[in-house]
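Let us take a walk through this structure together. Please have the sequence and the 3D view at hand.

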Amino acid sequence: LTTSFDTSIVSLPHTSYRIFTGMDILSMIGPVAQEEKIPHRVVTIADTVTQELFGNRVESSLKNFGFMTDGISVPPGESSKSLENVRKLYDRLYDLHIGRDTALLALGGGVIGDLTGFVAATYLRGLPYIQVPTTLLAQVDSSVGGKVGVNLPYGKNLVGAFYQPTFVFIDVQTLATLPERELRSGLAEVVKYGMILDERFLLQLEEKFDTLIVPELDQYPEIIKQCCAMKAIVVGRDEKEEGYREILNFGHTVGHAVEASTGYRVLTHGEAITYGMIAETLLSERTGRLSGKEADRLISILKRLNPPPLPDTLNAAEIYERMFGDKKVRKGKLRFTLLTRVGVAEPGVTPPEEPLKEILDELYRITPAV
Ligand code: NAD
Ligand code: GLY
């Protein structure tokens, strides 16, 4: 069975789990769930888009291998990651009379993975759950590492847990229907891995960048596997983000503030993070870490991700203020992950205020590469 997939392992002090990656493998979820000793009952949680596209294939594969299945869907989009939806899901699970002999299966992007994982962490004090990510962002980032949670009206991901899945199942073929804008958003996180951890990986991305956008899906299994392997190493060293895991937050201090300042509607997560990585690359340069040449190289690949222009209404002072809501803030001080060279990140840096404010002012003048 395992010969049909590439398998890698996330090893943590108290548990370990496998990531299965392959092309057109959705109908193999049944046998894998059986091999992974998943309880006999599985409730799939999807958004209406991913339910329509993939729900039947997943549920019939599970049924063929003796699982009892049910499906619940929520509307697509970030607004589904809410406590109201958590409550609705608890109600549905209660109506289905599920017990601890039930696993949840997250079928969708990061919104569904984070929401389902949070429900799994809390309902009946914890149910096992499976991640079946269907966006590039979820396949390279959010489905691995156990960060689950929902938003509150005044901030993103403010309620959550570290709660690891039983396994992650990545069918790269699901990306065939993904809109280009979502693909580019996921690519931002792919590029991030090269910038913080692996210069050679970044070089490969630079060389084949145009074919990644088309996209030629055949190249993606290898790319996704490499990203998951990098994430597994980081999470293995620091599961609960006591320090080192903050390197995965490169671009996110400014990026989250941009996202919040634009009401989570104008830019996708990946687009906001692209601007965040541009700002934090400039900050790495102006605090004497990166050379001008290195910074130019990184900004050039980030511009090729082609995020839409920032709205004129966005205000640098507001972005600055919003950064103080970041989870990395300690003793009232902003802390960034900056780059000391291409492929090497330094977490926990508090930079001087001046260059930071200048860079936020300049962010509006960034024009994407055509
Ligand atoms: P998403 O889940 O909203 O998916 C984006 C859109 O793509 C949705 O409209 C969805 O219906 C659609 N879609 C999904 N798969 C599809 C497919 N195969 N074909 C066609 N359409 C498809 O967004 P996302 O970018 O996957 O995830 C963003 C979320 O992930 C944010 O809430 C962010 O906070 C979270 N996140 C979490 C972590 C983590 O470690 N837990 C890391 C990064 C991001
Ligand atoms: N996406 C950042 C992390 O998982 O830590």
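We start at a ligand, move on to the nonpolar core, and finish with a few single residues.

This is a predicted model, in which local features need pLDDT of at least 70 and side-chain atom pairs count only at pLDDT 80 or more, while totals for chains, interfaces and linings use all residues. Residues are numbered from 1 along each chain as its sequence is written, chains are lettered from A and ligands numbered from 1 in the order in which they are written, and side-chain values use heavy atoms, with hydrogens and water left out.

Which residues are around ligand 2? They are Asp141, Lys147, Lys231, Glu241, Arg245 and Leu248, where being near means having a heavy atom within 4 Å. Five of these residues are charged, one is nonpolar and none is polar; in this grouping Asp, Glu, Lys and Arg count as charged, Ala, Val, Leu, Ile, Met, Phe, Trp, Tyr, Cys and Pro as nonpolar, and the others, Gly among them, as polar. An oxygen atom of ligand 2 is 2.6 Å from an N or O atom in the Lys231 side chain. Arg245 places a polar side-chain atom 2.8 Å from an oxygen atom of the ligand, and Asp141 has one 3.1 Å from a nitrogen atom of ligand 2. Taken alone, ligand 2 exposes 200 Å², and the protein buries 87% of that (Shrake-Rupley method, 1.4 Å probe).

Glu241, one of the residues around ligand 2, sits in the loop between α9 and α10 (252-261). Glu241 counts as buried because its relative accessibility is 16%, buried being under 20% relative accessible area, exposed over 50% and partly exposed in between (1.4 Å probe, protein chains only). Its phi is positive, about 55°, although Glu241 is not a glycine.

Now to the core. The largest nonpolar core has 76 residues, a core being a set of buried Ala, Val, Leu, Ile, Met, Phe, Trp, Tyr and Cys residues joined through side-chain atoms within 4.5 Å. Helix α9 (residues 220-237) gives the most to this core, with nine residues; helices here are DSSP runs of H or I with at least four residues. Val190 is among the residues with the most contacts inside the core.

Finally, look at Thr281 in helix α11 (residues 269-286). Is Thr281 buried or exposed? Thr281 counts as buried because its relative accessibility is 0%. The Thr281 side chain reaches the backbone oxygen of Met277 at 2.7 Å.

Notes: A polar contact is a pair of N or O atoms within 3.5 Å; within protein, one must be able to donate a hydrogen and the other to accept it, and residues adjacent in sequence count only if both atoms are side-chain atoms. Helices (H or I, at least four residues) and strands (E, at least two) are DSSP runs, numbered from the N terminus.
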